Number of protein chains: 2
Amino acid sequence: MEDEVDRLIEAWRRERPDLDVAPMEVLSRVSRLARHLDRARSQAFDTHGLESWEFDVLAALRRAGAPYKLSPGKLLKETLVTSGTMTNRVDRLAARGLVERLPDPTDRRGVLVQLTPAGRDSVDAAMADLLTHERALLGSLSERDQQKIARVLRELVRPFDLEKG
Amino acid sequence: MEDEVDRLIEAWRRERPDLDVAPMEVLSRVSRLARHLDRARSQAFDTHGLESWEFDVLAALRRAGAPYKLSPGKLLKETLVTSGTMTNRVDRLAARGLVERLPDPTDRRGVLVQLTPAGRDSVDAAMADLLTHERALLGSLSERDQQKIARVLRELVRPFDLEKG
DNA sequence: GCGTTTTATCTTGACGTCGAGATACTCTAG
DNA sequence: CTAGAGTATCTCGACGTCAAGATAAAACGC
């Protein structure tokens with residue numbers, strides 16, 4: 001059974017027999033799978049009237065635990081976007097009533113972004129749905145294989161996580 | 001040894017003990033790894049004065065084999081972008097002298113995009129460099145683990161590849 | 001042949017992100 | 001106490017992408 005990446009690799013082997021394209025077997029599949037996952041995520045969130053970027057921000061607040069407050073600075077570390085992007089995202093989430101901007105009582109430069117009850121409901125429903133979809137995607141894999149692949153992926157990601165704490 | 005995803009999962013387990021978050025062990029790591037790979041790719045291409053999107057197009061032409069000509073339609077299937085995006089990309093690549101637009105002799109609606117010698121040199125050098133970097137990333141994995149994970153990822157991607165041929 | 005449908009490409013406007021810079025406040029050394 | 005360095009957030013302009021629509025040519029059915 002072949003997939004698109006097999007096709008890709010075969011073409012490169014034909015055109016550049018001098019190169020060792022073995023790394024693509026793993027890494028091209030990671031990239032492609034991630035792209036597909038993004039689409040699947042978007043679809044899952046559609047049901048709940050959320051965009052992926054909205055979920056990312058709301059989820060960061062939700063996992064922080066009650067009272068669901070984080071500074072924009074913390075949020076951008078969690079979501080890996082720039083500060084300009086986060087300002088824009090918080091603006092739009094606030095306009096939709098999913099978060100509120102509060103002054104930070106301990107630092108007058110600072111702001112705290114807090115999940116509203118509506119925001120919490122949205123993200124909780126979306127998260128449950130997302131996990132259901134993801135579970136379906138992994139359905140074909142044995143428990144054992146899932147654990148194995150999770151371990152290997154952790155190895156591969158670690159160097160990047162270390163780069164910047 | 002923990003990674004960022006372990007931290008993420010732990011937070012969700014604390015906040016939503018009712019949910020089974022096991023799928024994140026695999027899929028969140030796939031997404032995060034892919035994001036890191038994108039950055040690493042961009043860096044590798046920087047050396048060769050290429051952007052990632054430029055490489056994507058040039059690589060599709062390169063893999064097609066001599067005479068390195070493809071229609072914009074084929075290109076957008078290979079690179080998974082929309083037609084408007086491809087028009088824009090070809091415009092800019094042509095302006096940089098890396099590709100040329102030729103009329104399709106068999107269809108007057110059509111256009112063929114062809115790699116120039118400069119474009120071919122660029123993509124060949126970038127590809128070799130990319131593979132070197134990727135090999136380094138996989139360095140910690142045994143041959144056996146790489147094959148195992150490639151097989152499992154192929155399983156996971158297949159449903160998406162089938163969706164649209 | 002002639003009108004309809006399909007195919008191929010390009011055009012346009014809206015959108016989200018980035019990165020550099022601006023602004024306002026806090027912290028620290030002396 | 002204050003000058004200077006550091007930090008937190010926001011502003012702004014440029015960029016690449018997308019989706020929908022426009023245009024033109026080809027293929028099909030009758």
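Let's start with A:Y68, which sits in the loop between α3 and β1 of chain A. In this predicted model, the phi angle of A:Y68 is near 60°, a positive value in a residue that is not glycine.

Look at the neighbouring residue as well. A:P67 belongs to the loop between α3 and β1 of chain A, and the peptide bond leading from A:A66 to A:P67 is cis, with omega near 5°. Now turn to chain B, where B:A66 and B:P67 are joined by a cis peptide bond with omega of about 5°. You will find B:P67 in the loop between α3 (52–64) and β1 (69–70) of chain B.

## The overall build of chain A

How many helices and strands does chain A have? There are 7 helices and 3 strands. If you trace the chain from the N terminus, its elements come in the order α-α-α-β-α-α-β-β-α-α. The radius of gyration of chain A is 20 Å, whereas the globule rule gives 15 Å for 165 residues, so chain A is more spread out than a compact globule.

Along its principal axes, the C-alpha trace of chain A spans about 60 × 30 × 30 Å.

## Two helices that cross

Next, pick out helix α2 (residues 23–46) and helix α6 (residues 117–137) of chain A, which pack with their axes 9 Å apart and at an angle of about 135°. Angles over 145 degrees would count as roughly antiparallel, and 65 to 115 as roughly perpendicular. With an angle of about 135°, α2(A) and α6(A) are therefore oblique to each other. The crossing of α2(A) past α6(A) is right-handed.

Which residues make this contact? From α2(A) come A:A40, A:R41, A:A44 and A:F45, while α6(A) brings A:A126, A:D129, A:L130 and A:H133. By type, the residues of this contact are 5 nonpolar, 1 polar and 2 charged.

## Where the two chains meet

The contact between the chains takes 47 residues from chain A and 48 residues from chain B. On the chain A side, the elements giving two or more residues are α1 (4–15), α2, α3 (52–63), α6 and α7 (143–163). Of these, α7(A) gives the most, with 13 residues.

What kinds of residues does chain A use on this side? They divide into 25 nonpolar, 5 polar and 17 charged.

## Around the DNA strands

Let's look at DNA strand C. It has 22 residues around it, and those that come nearest are A:G84, A:R108, B:S71, B:G73 and B:G84. Two or more residues are given to this surface by α5 (83–95) of chain A and by α4 (72–79) and α5 (83–95) of chain B. The greatest contribution is from α5(A), with 5 residues. Sorted by type, the surface near DNA strand C has 5 nonpolar, 11 polar and 6 charged residues.

Now move to DNA strand D, which is surrounded by 22 residues, the closest being A:S71, A:G73, A:G84, B:G84 and B:R108. The elements giving two or more residues here are α4 (72–79) and α5 of chain A, along with α5 of chain B. Which element gives the largest share of this surface? That is α5(B), with 5 residues. The surface near DNA strand D is made up of 5 nonpolar, 11 polar and 6 charged residues.

Definitions and conventions
Residues are numbered from 1 along each chain as its sequence is written. Chains are lettered from A and ligands numbered from 1 in the order in which they are written. This is a predicted model: local features need pLDDT of at least 70, side-chain atom pairs count only at pLDDT 80 or more; totals for chains, interfaces and linings use all residues. Axes are lines fitted to C-alpha atoms, for helices over the stretch in contact, and angles run from 0 to 180 degrees between N-to-C directions. Helices (H or I, at least four residues) and strands (E, at least two) are DSSP runs, numbered from the N terminus. Angles under 35 degrees count as roughly parallel, over 145 as roughly antiparallel, 65 to 115 as roughly perpendicular and the rest as oblique. A crossing is left-handed if the near helix is turned anticlockwise from the far one by less than a right angle, and right-handed if clockwise. Two residues are in contact if their C-beta atoms, placed from the backbone, lie within 7 Å. Ala, Val, Leu, Ile, Met, Phe, Trp, Tyr, Cys and Pro count as nonpolar, Asp, Glu, Lys and Arg as charged, and the others, Gly among them, as polar. A residue is near a molecule or strand if its C-beta atom, placed from the backbone, lies within 6 Å of it. The radius of gyration is taken over C-alpha atoms; the globule rule is 2.2 Å times the number of residues to the power 0.38.
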